[in-house]
Amino acid sequence: MTISLFLLVGGFFVFLLVLSKRPIINVINENNWLVQKLKKRKSFKNPSFVGMVLFMGNGVMFLITMAFLYLLMFLLIPYMHLIVMIIAVISSIFFWAIVHHAWNGTNKDRLKIATIGSSFYIIVCIIFAYWYVSYQPSHPEEDTFMAAIGFTIAIFVTSVAAVTCFIYTGFVSRTTKQ
């Protein structure tokens, strides 16, 4: 599969996820045990705290995904990395849905939460962009073109994750499942 086809299919998949955000968010309902547990916490009323929980949750899931992808480099199982990435996307969306349902506050505070939480991916995107611009090959035979493709994909994935996290946690209206 070529890189342009990968980016096109991935972009189309993310577009569908954003368009169908309400039914996906409603998979997790208000009676979920984790939603109820978070709603009862006194500290979960503070938008800065909830934003930091979202920030840290995004960071933990990102690091777990990177660890799995690193371990998969040592296995010769084709397309297993794609399965790991799909599982990471699904788990992130469920985490965002739980945070969305657990928050009972104003829309302004919801945007604060989304901004703080999605800033993790923005920071990672900036780091990848810096590495891309300042990349120096360690030896003359190193393939800088493949490194550039890797950095481009990493920038694309993290920027799409930031936008999707912001949309799912900041802009979804609170409707109940019929």
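Of the 178 residues of the protein chain, 33% count as buried, meaning under 20% relative accessible area with a 1.4 Å probe, protein chains only. This is a predicted model, in which local features need pLDDT of at least 70 and side-chain atom pairs pLDDT 80 or more, while totals for chains, interfaces and linings use all residues. Residues are numbered from 1 along each chain as its sequence is written, and side-chain values use heavy atoms, without hydrogens and water.

The chain has 7 helices and 0 strands; these are DSSP runs, of at least four residues (H or I) for helices and at least two (E) for strands, numbered from the N terminus. Its C-alpha atoms fill a box of roughly 60 × 30 × 25 Å along the principal axes.

Let's look at H4, which spans residues 47–72.

| H4 feature | Value |
|---|---|
| Number of residues | 26 residues |
| C-alpha span, first to last | 37 Å |

The contact (heavy atoms within 4.5 Å) includes Phe-55 and Phe-62 of H4 and Ile-116 and Phe-128 of H6. Its residues divide into 13 nonpolar, 7 polar and 1 charged, with Ala, Val, Leu, Ile, Met, Phe, Trp, Tyr, Cys and Pro as nonpolar, Asp, Glu, Lys and Arg as charged, and the others as polar.

Conventions:
Expected span 1.5 Å × (residues − 1). Buried < 20%, exposed > 50% of the residue type's maximum accessible area, 1.4 Å probe, protein only.
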